[in-house]
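I opened the notebook to go through the pocket, the strands, the charged pairs and the rings in turn. The entries below follow that order.

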Amino acid sequence: MRANLLSAWLGPSHGAPEQDSEAIRLTALAPASPHAPATVSLHLGQDLLVGQVDFRLCRPCRTGRVQRIWINETWQRQGLGRQALHTALAQAPDYRWTTTMQSRQGRAFFRAMATETGAELSSRTPPCPHLMSRCGRLWRRMCRAWRRA
């Protein structure tokens, strides 16, 4: 992967725990191939990964799908996931965005972010066929065949 032009430092005022004065580095990485996941990562200093958002974009369908978001437990509820998701959504602002299935905590986060950003961010909406995995496409075909029978 290669780094996009975006690489920013979030200072301690963005939610760093009291004991750490180092800034968080936020970096957006472009996908290695057209349908591979892109990444927004959050690092403490130069090395320690404290969070990440993986997402995929489909340019023909103008859709984006958040595949995974995680923030280290120590750093949760401090706005870092919010900042990382805003950065991911900024990569394709006029796209329709969805997510994968989530935990209860994840559903609450994505509901709040959907209200804040205006993006759908629903796990109920299926992704476009280009972003669906082979297993997902096979499963959908089997379900359609089963319903017809």
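How many residues in the lining of the largest pocket are nonpolar, polar and charged? I counted ten nonpolar, eleven polar and three charged residues. For the classes I took Ala, Val, Leu, Ile, Met, Phe, Trp, Tyr, Cys and Pro as nonpolar, Asp, Glu, Lys and Arg as charged, and the others, Gly among them, as polar.

**Ground rules.** I worked on a predicted model, where local features need pLDDT of at least 70, side-chain atom pairs count only at pLDDT 80 or more, and totals for chains, interfaces and linings use all residues. Residues are numbered from 1 along each chain as its sequence is written, and side-chain values use heavy atoms, with hydrogens and water left out.

**Pocket.** I looked up the volume of the largest pocket and found about 550 Å³. A pocket here is an open set of points on a 1 Å grid over the protein atoms alone, where a 1.4 Å probe fits, with protein on both sides within 12 Å along at least five of seven lines; lining residues have an atom within 4 Å of a point. Grid points are joined across faces, edges and corners, and the volume is the space filled by probe spheres set on the points. The lining has 24 residues, and I69, I71, Q105, G106 and F109 are the closest to the centre. I then asked which elements supply them. β5 (63–71), α1 (80–90) and α2 (104–117) each give at least two lining residues. β5 gives the most, with six. Helices (H or I, at least four residues) and strands (E, at least two) are DSSP runs, numbered from the N terminus.

**Strands.** I next checked strand pairing, which needs at least two DSSP bridges between two strands. β4 and β5 run antiparallel and are joined by eight bridges. C58 stands opposite T63 in β5. The two strands form a hairpin with four residues between them, and R62 in the turn has a positive phi of about 55°. On to β6: β5 and β6 run parallel, with four bridges. T63 has R96 as its bridge partner in β6. I also looked at β2 (residues 24–29) and β3 (residues 38–44), which pair in the antiparallel sense over six bridges. T27 faces S41 of β3 there. β2 is mostly covered, with five of its six residues buried. Buried means under 20% relative accessible area, exposed over 50%, and partly exposed in between (1.4 Å probe, protein chains only).

**Salt bridges.** How many salt bridges does a search of the whole structure find? It finds three. The test is a side-chain nitrogen of Lys or Arg within 4 Å of a carboxyl oxygen of Asp or Glu.

- I noted R68 with D54 at 3.1 Å, N to O. R68 lies in strand β5 and D54 in strand β4, so the pair ties together parts 14 residues apart in sequence. R68 is partly exposed at 41%, whereas D54 is buried at 12%.
- I noted D94 with R62 at 2.2 Å, N to O. D94 sits in the loop between α1 and β6 and R62 in the loop between β4 and β5, so parts 32 residues apart in sequence are tied together. D94 is exposed at 52%, and R62 is partly exposed at 40%.
- I noted E116 with R82 at 2.8 Å, N to O. This pair links helix α2 to helix α1, with E116 and R82 34 residues apart. E116 is partly exposed at 40%, as is R82 at 37%.

**Rings.** Last, I searched for aromatic pairs: rings of Phe, Tyr and Trp (its six-membered ring) with centres within 6.5 Å, where planes under 30 degrees apart count as stacked, over 60 as edge-to-face and the rest as tilted. The count is two. F55 and W97 are tilted, at 5.8 Å centre to centre and 55° between the planes. F55 is in strand β4 (residues 48–58) and W97 in strand β6 (residues 96–99), 42 residues apart. Both are buried. Why is the pair of F109 and F110 edge-to-face? Their planes stand at 75° with the centres 5.2 Å apart, so the pair falls in that class. F109 is partly exposed at 24%, and F110 is buried at 5%. F109 also brings me back to the pocket, as one of the residues closest to its centre.
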